[in-house]
Amino acid sequence: MRRLLMLGASALAFAAASAAEAAEKLTLYCSPQEEWCQLMVTEFTKATGIEVAMTRKSSGETYAQVKAEASNPKGDVWWGGTGDPHLQAAEEGLTEPYDSPMLAELRDWALKQHETSGGRTVGIYAGALGYGYNNDLVKKNGVAAPGCWADLIKPEFKGEVQIANPNSSGTSYTALATFVQMMGEEKAFEFLKALHANVNQYTKSGSAPIKAAAQGETMVGIVFQHDAVTMKVSGAPITVVSPCEGTGYEIGSMSIIKGARNMESAKAFYDFALKADIQSMAAQAQAYQVPSNKNATPPPESPDFSQIKLIDYDFAKFGSSAERTRLLKRWDDEVASLPR
């Protein structure tokens with residue numbers, strides 16, 4: 001009997017140790033720029049002692065991975081990236097509802113994201129769509145500096161525009177949804193077909209086009225404006241453009257993956273990522289989005305939303321599974337298939 005009791009106690013101790021060990025780990029799927037992902041991992045581990053395994057992929061790629069792993073989840077938290085695929089994941093039951101105690105400190109647009117998703121995602125930053133152009137290349141090619149979306153389909157920009165593929169990039173899907181909302185769907189696809197003739201490459205990552213522009217590989221990169229600011233602050237000859245017709249914006253979001261193996265660590269990271277002091281650290285990684293915590297301090301270089309002509313972006317509609325799938329298929333069939 002004594003031996004059985006000892007064995008039982010050992011088993012319980014082992015189980016407790018295993019549970020404690022499991023609680024001290026986190027698998028993070030991260031969609032913003034690599035530097036910001038790494039900063040978040042470093043600061044979270046420093047604050048909590050929790051070991052983090054991080055994978056960085058674009059929003060569309062991460063959504064596809066979370067969906068593919070639904071029957072056997074490997075990730076715990078999906079942090080960052082455009083909100084549309086987060087909303088689609090929420091609609092499809094791929095993420096967990098969670099009401100963080102930090103919600104009271106968030107801006108209305110971040111809370112609206114939480115409400116729209118039934119508590120399955122939350123806004124962590126906002127960023128306006130736009131583009132950046134290389135000043136040196138504009139002068140070298142003798143073209144007028146662009147200031148509107150309409151300028152990008154002019155003949156003088158043939159082969160000089162880069163934008164990501166909307167299937168893999170949340171940035172580019174936001175652009176697709178923005179044009180549909182601004183112009184109406186038929187005119188939007190006419191514009192996208194005209195733009196296609198000037199596109200030299202559809203990249204996988206949403207921020208890649210402005211990096212190419214900064215390196216002189218293309219004249220124009222269509223991106224979120226904060227990504228263009230990052231290149232400008234780094235010393236690249238980039239001018240940031242908020243298009244004259246108006247533009248859409250993203251609500252970068254965060255979700256806990258359904259069936260997360262490290263649920264307590266996931267909730268700890270979720271709360272941590274919503275703290276004002278943590279969001280204020282974004283500038284250290286040259287991330288210039290507008291933070292969702294009302295008490296966070298945005299970098300002075302961040303685009304000023306009050307000076308940008310923003311559309312009333314319909315996140316619920318364009319973040320739905322049916323609408324996103326339909327628009328991406330139409331883009332594949334009618335735009336990507338065209339010769340250049």
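Reader: What makes R330 and E185 a salt bridge?

Author: This is a predicted model. In it, the closest N and O atoms of R330 and E185 are 2.7 Å apart. The cut-off is within 4 Å, for a side-chain nitrogen of Lys or Arg and a carboxyl oxygen of Asp or Glu. So R330 and E185 form a salt bridge.

Reader: Which parts does the pair tie together?

Author: R330 lies in helix 14, and E185 lies in helix 8 (residues 185-196). The pair therefore ties together parts that are 145 residues apart in sequence.

Reader: How do you know whether R330 is buried or exposed?

Author: R330 has a relative accessible area of 15%. Buried means under 20%. So R330 is buried.

Reader: Which salt bridge joins R330 to E334?

Author: Their side chains meet at 3.0 Å, N to O. Both residues lie in helix 14, 4 residues apart, about one turn of the helix. E334 is at 26% relative accessibility, so E334 counts as partly exposed. R330 and E334 also belong to a network of salt bridges, with E185, E186, K193, E323 and R326.

Reader: What makes C30 and C37 a disulfide?

Author: The two are joined S to S at 2.1 Å. The cut-off is within 2.5 Å. So the pair counts as a disulfide. The torsion about the S-S bond is about -95°, so this disulfide is left-handed. C30 is at 0% relative accessibility, so C30 counts as buried. C37 is buried too, with a relative accessible area of 0%.

Reader: Why is the disulfide of C148 and C244 called right-handed?

Author: The torsion about the S-S bond of C148 and C244 is about 120°, so the disulfide is right-handed. The pair ties together parts that are 96 residues apart in sequence.

Reader: Is C244 buried or partly exposed, and how do you know?

Author: C244 has a relative accessible area of 43%. Buried stops under 20%, and exposed starts over 50%. So C244 is partly exposed. C148, at 18% relative accessibility, counts as buried.

Technical notes:
Residues numbered from 1 in each chain as written. Predicted model: local features only at pLDDT ≥ 70, side-chain atom pairs only at ≥ 80, totals over all residues. Heavy atoms only, no water. Buried < 20%, exposed > 50% of the residue type's maximum accessible area, 1.4 Å probe, protein only. Helix = DSSP H or I, 4+ residues; strand = E, 2+ residues; numbered from the N terminus.
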